[in-house]
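Dear colleague,

I am handing over the structure we spoke of, with the sequence alongside it. Please open it first and then read the notes below it.

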Amino acid sequence: MALLVAFLFIHSLLDIIDQLTRATTHLKTQPQIGCNGHPELCDRKYSNITHIATHDAPFVGVLPMENQNVDIPTQLDAGIRFLQAQTHRNVFGKISLCHTSCLVKDAGLLKDYLKVIKSWLDTHPQEVVTLLLTNGDRRPISEYDTAFRHSNVTQYAYSMPPGDPNQWTLDSWPTLGQLIANGTRLLIFLDRDADQVQVPYILNEFSYFWETPFENLVDPRFPFCAIDRPVGIQG
C-alpha cells in the first residue's frame with residue numbers, strides 16, 4: 001500500500017512538472033510585449049502592481065525543507081516576478097541560500113543564485129523582478145554587497161534616491177516603464193541590517209512595506225491585513 005501511495009505521489013508530481021515545462025516552453029516562444037507582459041503596466045507605479053511571488057524560491061525538491069517544484073528560470077518563465085529566499089552563513093563563512101540552517105538545506109552560494117537571476121534578466125529586457133532576502137544571521141551589509149558585485153547583477157539594481165525613506169510614499173515609486181527604460185529592473189530588499197547609505201541598491205524591507213502573519217492555516221479570517229512585521233506599527 002505504501003509503495004502504491006508513493007508511486008501515485010511521484011506520478012502526480014511528474015505530471016505537474018511536465019505541465020509547467022510545457023507552459024514555460026510556450027511562454028519562451030512568445031514575443032516580449034509591454035512591461036512584465038502587459039502594455040497597460042508600463043505607466044503604472046511599481047507600488048500599484050500585484051507581484052506574483054514564490055516563498056523560499058531556491059529550495060527546489062520534494063523534501064519538507066524544499067518549497068518549490070521547479071528551478072528559478074522555470075519559475076520566472078511561468079510568470080513569477082518576486083523571489084523570496086532565506087540566507088545564512090555557511091560552514092565556510094560565505095553567504096548561502098539556506099533553509100533555517102545550512103545544516104538543514106544549503107542550496108548554494110548567494111552569488112551563484114544571483115548569476116542565475118542576471119542571466120534571465122539578460123534575455124528578458126522588458127521584465128522587472130523583485131528579490132527579497134532574509135538576513136538570518138545578521139551578517140554585515142558589506143558581505144551582501146560583495147556577493148551582488150561578484151555576480152555582476154548590480155548593473156540591473158534599482159537604487160533609491162537620497163533622502164529619508166520614511167518620506168517615501170506609494171506615489172514616489174517609478175513606473176515599470178521607467179524602471180525598464182533606465183535599466184534598473186531588479187529591486188532588492190533585505191529584512192535586517194540594510195544600510196542604504198553604504199549600499200544604496202539593497203533596500204531596507206520594512207522602510208517600504210509590511211507583512212501579514214506568516215501562519216494563517218487555521219484562522220477563519222484569512223486573508224486579513226493584520227500587521228505582523230515590523231513590530232510596533234498600526235495600519
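What follows is a short account of the overall fold and of the disulfides.

Please keep in mind that this is a predicted model, and that every value quoted here was computed from it.

The secondary structure of the protein chain consists of six helices and seven strands, which, when read along the sequence, are arranged as α-β-α-β-β-β-α-β-α-α-β-β-α. The chain has 235 residues, of which 39% count as buried, and its exposed surface comes to about 13400 Å², with carbon and sulfur atoms supplying 57% of that area.

A search of the whole structure for disulfides finds two, and when the bonded cysteines are numbered in sequence order the pairing reads 1-2, 3-4.

One of these links joins Cys 35 to Cys 42, with an S to S distance of 2.1 Å; the torsion about its S-S bond is about 105°, so this disulfide is right-handed. Both Cys 35 and Cys 42 are buried.

The other is formed by Cys 98 and Cys 102, whose sulfur atoms lie 2.0 Å apart, and this link is also right-handed, with 90° about the S-S bond. Cys 98 has a relative accessibility of 0% and therefore counts as buried, while Cys 102, with a relative accessible area of 16%, is buried because that value falls under the 20% cut-off.

Conventions. Residues are numbered from 1 along each chain as its sequence is written. This is a predicted model: local features need pLDDT of at least 70, side-chain atom pairs count only at pLDDT 80 or more; totals for chains, interfaces and linings use all residues. Side-chain values use heavy atoms; hydrogens and water are left out. Helices (H or I, at least four residues) and strands (E, at least two) are DSSP runs, numbered from the N terminus. Buried means under 20% relative accessible area, exposed over 50%, partly exposed in between (1.4 Å probe, protein chains only). Accessible areas come from the Shrake-Rupley method with a 1.4 Å probe; for residues, only the protein chains shown count as cover. A disulfide is a pair of cysteine sulfur atoms within 2.5 Å.
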